[in-house]
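Try each task on your own, then compare your steps with the solution.

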Amino acid sequence: MQCFSILCVYNSRSVNEVECKMEQETDNLIDELRQHKPTACQRLLAAYGPTVYRMVQRIVTCREDAEEVYQDVFVKALRGIGGFNPRQASLATWLNRIAYHESLNFVRCKRPAIVYMDDRNLCTDSFDTPDDAPPDEQTIQLLEQALAMLPPHEQAIVSMFYYENQSLADIAYVTGSIPSTIGSQLSRIRKKLYRIIKTL
Amino acid sequence: MNDIKKDTNLSEAVNRWEQQLPPMPDGLNERLMKRLQETSDATQSQRQRIGIYSTIAAAACLLLIIGIGKMLTPDRLTPQEEIVEIKAQQQLANTAQETVKPLQQLANITKKTVKPSPLNSRGNMQCTHRAAKGSKSIATERPTRQIPDTLGNSIWQSEQNVQRALQLLSECEATIRREEQEVRNHIIQATFNAMPQPANAILVTNENGDYEVIETKNIIEL
């Protein structure tokens, strides 16, 4: 028992040290980016590029368009790095915020002829939430299909919450909303997904 | 919130859906770096261009201001004209100095000998002013401003100044000559009256207007 507690303390210390080191590295990276160092740009792209690209891709489905938006996001981020406040959010969250809004703007400008599933089209029957239901392969597949029918901003919120395990505060910062609104929005999206799979 | 998080089906569906997304292309970051470099180069060249244009604009503004300033100056004389003007002014000044000295001397003499004329003879300015103030018709007529007898300050009035000065000078000379004659006659008359004179002596005026004491014998002789 004593050995276990010592191990826990050791692990927590090592985790804290790693976190401190990462924070220091991020601070250095931000300082170098503010000084417009090319190596810092490369480090930024290597560290945060995949996350940003994923965020863009959730909203902008076309690959070429997603690449264009991805480039625009980093150009914008490097221009506005002077205005980044580390106390408000982490660098990754800040980049995700830019990517989210840039992608949505791009999609809105393009105005695609895609009709997303609206709440009004779904049946308004009483819906029993299968919260503690065991994993069901068929339901998962149906939900996967239903996810594709959601509007891009809702897809992004669901992905940030379930896939990236981001907090409601971070999602609210990315979307420019408040955490309680994001919570209710997630609940509504989930109910909507289950309604969609009933129609499939 | 915990209920939403506990939804394993949805969580699994989202995981699978995310994994279906294609990975990031390999050359994307290199292309982005290239674009960033191009953007920074373009920004630098743009800044340089802005700097050059602003310098040119500032120089143009300066030249424009200088040009306007030169255009607004009263006259633009050539150096030769300026020299002539200066010489004329110097001559005028010398002439004035030469004439002022005897005039001052004569003025001193007149002050001593001639009594000042009564106030009425100088013109009743107050009366005319009252008349102008009182009568309606005169009040509506605004008094015309007379050209002052002083010399003009401007350079382009130099010729007029010279002419005016010469005119004033001749007028002054005539006045002085007349007053001198009056003084001389007054002295002669006073001396004639005060001093005992011979019986045949009389006071006459010659062709120049001067008093002269002559004896009647001489007249006869003449």
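**Helices across the two chains**

The axes of helix H3 (residues 63-79) of chain A and H3(B) come within 10 Å and cross at roughly 45°. Axes here are lines fitted to C-alpha atoms, for helices over the stretch in contact, with angles from 0 to 180 degrees between N-to-C directions. Helices (H or I, at least four residues) and strands (E, at least two) are DSSP runs, numbered from the N terminus. This is a predicted model, in which local features need pLDDT of at least 70 and side-chain atom pairs count only at pLDDT 80 or more, while totals for chains, interfaces and linings use all residues. Residues are numbered from 1 along each chain as its sequence is written, and chains are lettered from A and ligands numbered from 1 in the order in which they are written.

**Exercise 1.** Classify the packing of H3(A) and H3(B), and find the residues that meet.

*Solution.* 
- Step 1: Angles under 35 degrees count as roughly parallel, over 145 as roughly antiparallel, 65 to 115 as roughly perpendicular and the rest as oblique.
- Step 2: H3(A) and H3(B) are therefore oblique to each other.
- Step 3: From H3(A), A:Glu67, A:Tyr70, A:Gln71, A:Phe74, A:Val75 and A:Leu78 meet B:Leu28, B:Leu32, B:Arg35, B:Leu36 and B:Thr39 of H3(B). Contact requires C-beta atoms, placed from the backbone, within 7 Å.
- Step 4: By class, this contact of H3(A) with H3(B) has seven nonpolar, two polar and two charged residues (nonpolar: Ala, Val, Leu, Ile, Met, Phe, Trp, Tyr, Cys and Pro; charged: Asp, Glu, Lys and Arg; polar: the others, Gly among them).

**Exercise 2.** Which residues of H2(A) meet H3(B)?

*Solution.* 
- Step 1: The axes of H2(A) and H3(B) come within 11 Å, crossing at roughly 145°, and the crossing is right-handed.
- Step 2: A:Cys41, A:Gln42, A:Leu45 and A:Gly49 are the residues of H2(A) that meet B:Asn29, B:Leu32, B:Met33 and B:Leu36 in H3(B).
- Step 3: The contact of H2(A) with H3(B) has five nonpolar, three polar and no charged residues.

**Exercise 3.** Is H6(A) mostly covered or mostly open, and what covers its buried residues?

*Solution.* 
- Step 1: Helix H6 (residues 152-162) of chain A is mostly covered, with eight of its 11 residues buried. A residue is buried if 20 or more other C-beta atoms, placed from the backbone, lie within 10 Å of its own, exposed if 12 or fewer, and partly exposed in between.
- Step 2: The cover includes helices H2 (38-59), H4 (91-110), H5 (137-148), H7 (168-175) and H8 (179-199) of chain A, together with H2 of chain B.
- Step 3: H6(A) and H2(B) pack at an angle of about 110°, their axes 10 Å apart, and are therefore roughly perpendicular to each other.
- Step 4: A:Val158, A:Ser159 and A:Tyr162 in H6(A) meet B:Leu10, B:Ser11, B:Val14 and B:Glu18 in H2(B).

**Exercise 4.** How many residues does each chain bring to the contact, and which helix of chain B gives the most?

*Solution.* 
- Step 1: Chain A brings 35 residues and chain B brings 27.
- Step 2: On the side of chain B that touches chain A, H2(B) gives the most, with 11 residues.
- Step 3: That side of chain B divides into 14 nonpolar, six polar and seven charged residues.

Conventions
Two residues are in contact if their C-beta atoms, placed from the backbone, lie within 7 Å. A crossing is left-handed if the near helix is turned anticlockwise from the far one by less than a right angle, and right-handed if clockwise.
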